[in-house]
Every structure is written in structure tokens, then in C-alpha cells.
Amino acid sequence: MNQTGIGTIGDFARRVVPGVTTMLLVFLSHLHLPLPFYADISPALPLMAVYYWVVFRPDLMPRILVFAIGLFQDALIGAPFGLSAMIYLLTHAFVLSQRQFLVGKPFWIFWSGFAIVAPVAGALTWIIASVVRGAFLPSDIVLASIGLTVVVFPVVAWCLLYSQRWLVGEAEPS
Amino acid sequence: MAKRNASMSVAGLAVPVRIWAQRFAFLALLAFAFALMLLSKAETGALQNARIVIVDSVAPILSVMSRPVEAGQEVSSSVKTYFLVHAENDRLRQENERLIRWMQTARQLEVENATLRAQLEYVPELSPRAVTARVIADTGGGFFHSLLINAGARHFVQRGQAVVSRAGVVGRIAEVGDRSARVLLLTDLNSRIPAIVESTGDRVIVTGNNTRWPGVTYLASNSPVSVGDRVVTSGHGGVFPPGLPIGTVSEASETRTVLQPVVDIARLSEARILDYGVEGILPPPEKVPAVEKTAPQAGPAK
């Protein structure tokens, strides 16, 4: 009975790892770091987590969770509710549709996939934010942020890979 | 046989129905996100309150997570100080000599001022009440320039109050939760600060543009403003006291004038919230407390 209880708790803990790591990256991406220009060009860490988990454990990163994390991020950064939620939803749908081309491939293909997703997500965010704010926002900052997001991705992916190996495990073959 | 055919047709239908339901859920969530964006744009009270509640509930987490960053900053500052101690000592010695000369001038001016004020029966300006708070998050990236601080309504912080650092203007309070508040930085697209160019006396508006260098608007085209001129708050609008440094002119041409802010936002770990007891340029929040609270003279936020 006890073993079943512990097993259930362990199973629950495993299931929440993708959501928790993504939330953690939302917090980390908005820490006030004493680096010049970092706040402007900070990498989109939660986008990396969404991409990673949708490729490797889509069962643990459903679209409703992605949507909720997006709403939470919007509340935190002072953006209109729905902006990040919409971007993450579109990312989720696109990555899920291309998942079969990414699973089991070498890392550089996985990284290349993200190098396509990140600029599209960044550009969409820039367009929507510009429309919402009624002015063209500086595009050079967005380009720098996208570049940094793509460059930093392997480090975050490595951390997520280890969290998956230790805590979550592989997905059931579908 | 007929039963088998029926069950096969049901199984055959289940997959398309599931796909259709998934697509519908995706489109419904997308439409919901879009609707929320439109409602946010209209600044409805319910959504603003939801945002305040969410930020307030995670403020302690952000506060804890920002501690190691602050500790790292202190260590790096200590190491830098250790290696530069001799150069710093020389600089401080020279600065001290200069400041002693200024102190003597200031004392003479103080006496002169007091005499003149007594002669004119001058009514002194109210000194502001102030609360000091830690910066716990830098939010928005390139799209929304704001900071979160760990002081809110329970520390008598109110919407519209001025936020400053030792160097000068940081921004103003845009949202207030119980224990946290959002500071709209002077660089944000929505920021407008009435100011004055110190050397020429021109009244201008410092306008945020979502870059680190805010612009100066309503400057007369024939104004002799040049690079290096200081721009300070004019005190109009009732949010900022007059004379607070905002920045120095870093670019001055016929088409545009740009400032280099005096406050380095990246290195800002603490900020002071000033309260002059006036409403300021922002409309009062929807939930005005029934009983007016009295703020302490000054005190650190916990």
C-alpha cells in the first residue's frame, strides 16, 4: 500500500518535471542580472524548454500547460495576457507536427530545428508586441536576443536532458 | 457480422473525431489568447487585478532567487575594490579636496538662502516620504521595460509614485500589489517625464522609446542644446520633484535629441519610492482604500 503510495507520488513528481523546469526557466529569464544590455537581449529560456519537452515528452507538455505557462509569463513581464501564450501554443503545434523528423536524430538536427523555431517565434512576438504597443519596437534588440537564444540553447538542452534522464525517463514508443 | 461492421465503423470514426477535437481545442485556445490580448489592451480591471495577484504571489520566489545574484554582485564588487584600492584612494583624496571646497560654498549659500527666504516669507516645499525596496526582477526584455520591486501597498507604495536611485530618475510605479510593485522604467515606450534642460532652461518631455537611450521631445528647433547638457526633472505633473537628474544629452541634431540616462538600470539593486502626497499624472487606481494610510518617514522594505 505504502509502496503504491510512494510510487504514485514518484510518478506524479516525474510528470510535473517538464512544467516545473519550464516555470523555473521563466523565473530565471527575468532575474535582474548586473550585465549591461542583458535585460534587453535575454535569451528566451522558456521557449527552449517548450521545444525540448514537446519533442521528447509531448505527453508531459500538453498544450493547456503551455498555454498556462504563457499566461503566467505575460503576467510576470507586464505584457498583454495571451501574447506569450499564443507564441507558445503556435510553437507547440509546429514542433508537434515536425516531431517525427527530430526524434532520434543527431543533436545538430535538433539544434537546427530550434534555430528555425526561435527566429519565427521571436519575429512573431516582435510583430504582435509592436501592434499592441502601437509602434515599431527596436528590431536590433530582438535580433540579438534571437541570436543569443539559439547560441545558448545547447547549454539549456543539456540541463533538460539530464533532468529528463534522472527524473522523467524516456517516452513510451508511439 | 453486422455487429462487427458497426464496431469497425465506430473505431474508424474515433480517430478523425479525436483529431478534430484536438484541432478545435488548439483553435479555441488560440482564440482565447487573442481575446485576452484584446481585453488586456482595453486595460480591464479584472485582468489587471489578476496580473497583480499573480505577481504578488510569486514575488517571494523572485526575491529568494535574486539573492544569489545580489551576493555575486557584492563579491565581484569587493574583488574589484581590493585590486583597485590604491587608485580608488587617490581618486577619493582628490574628490574629498574638491568636495571640501564645495562644502564651504554650500554653507555660504545656505546662510544666504535662509536670510533671503526669511525676508520673502517663503513657504518651504514638502519633503517627500520615501520607501527603499530591492529590485527582484527585470521584466519584459526588449518589448516592455519594467522592473519588479519587493515593496507594495503594505509599504505604502501607490500607483504613480516616483522611483529614483542615488544617481537620479528610474521611473514610476505602474502597478501595485500587496508586497510587490511594477516600476515602469523611463526608457519604456509609455514613459513621459516633464523635464528641463539645465543649461538652456528649455522645458521638454523625456520620452521612452524602448531603447536604453530615451528621446527628448517638444524641444524648440532653435534651442542651443548640445551634447553633454544635463536634463533634470521640471517638477511639472506632480510626480517627480524638480531638479532630479534624468540624463545627459548624448546626441543632438536637428531631427532628434537623445539622452544617456544617469541611472545604470543593469546595476540597480535598490530603488527609492518617493511620495509627495499628490495624485500625480496617473489616474487613481480603481480600488482606492476607504481610509487613507499614513506612510512612515522612511524605512527599508522587508
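Tutor: The secondary structure of chain A consists of seven helices and zero strands, where helices (H or I, at least four residues) and strands (E, at least two) are DSSP runs numbered from the N terminus. Read from the N terminus on, the elements follow the order α-α-α-α-α-α-α. The radius of gyration of chain A, taken over C-alpha atoms, is 17 Å, close to the 16 Å that the globule rule (2.2 Å times the number of residues to the power 0.38) gives for 174 residues, so chain A is as compact as a globular protein of that length.

This is a predicted model, in which local features need pLDDT of at least 70 and side-chain atom pairs count only at pLDDT 80 or more, while totals for chains, interfaces and linings use all residues. Residues are numbered from 1 along each chain as its sequence is written, and chains are lettered from A and ligands numbered from 1 in the order in which they are written.

Along its principal axes, the C-alpha trace of chain A extends over about 60 × 35 × 30 Å. Of its 174 residues, 44% count as buried; a residue is buried if 20 or more other C-beta atoms, placed from the backbone, lie within 10 Å of its own, exposed if 12 or fewer, and partly exposed in between. Two residues are in contact if their C-beta atoms, placed from the backbone, lie within 7 Å. Among such contacts in chain A between residues at least 6 apart in sequence, 66% join residues at least 24 apart.
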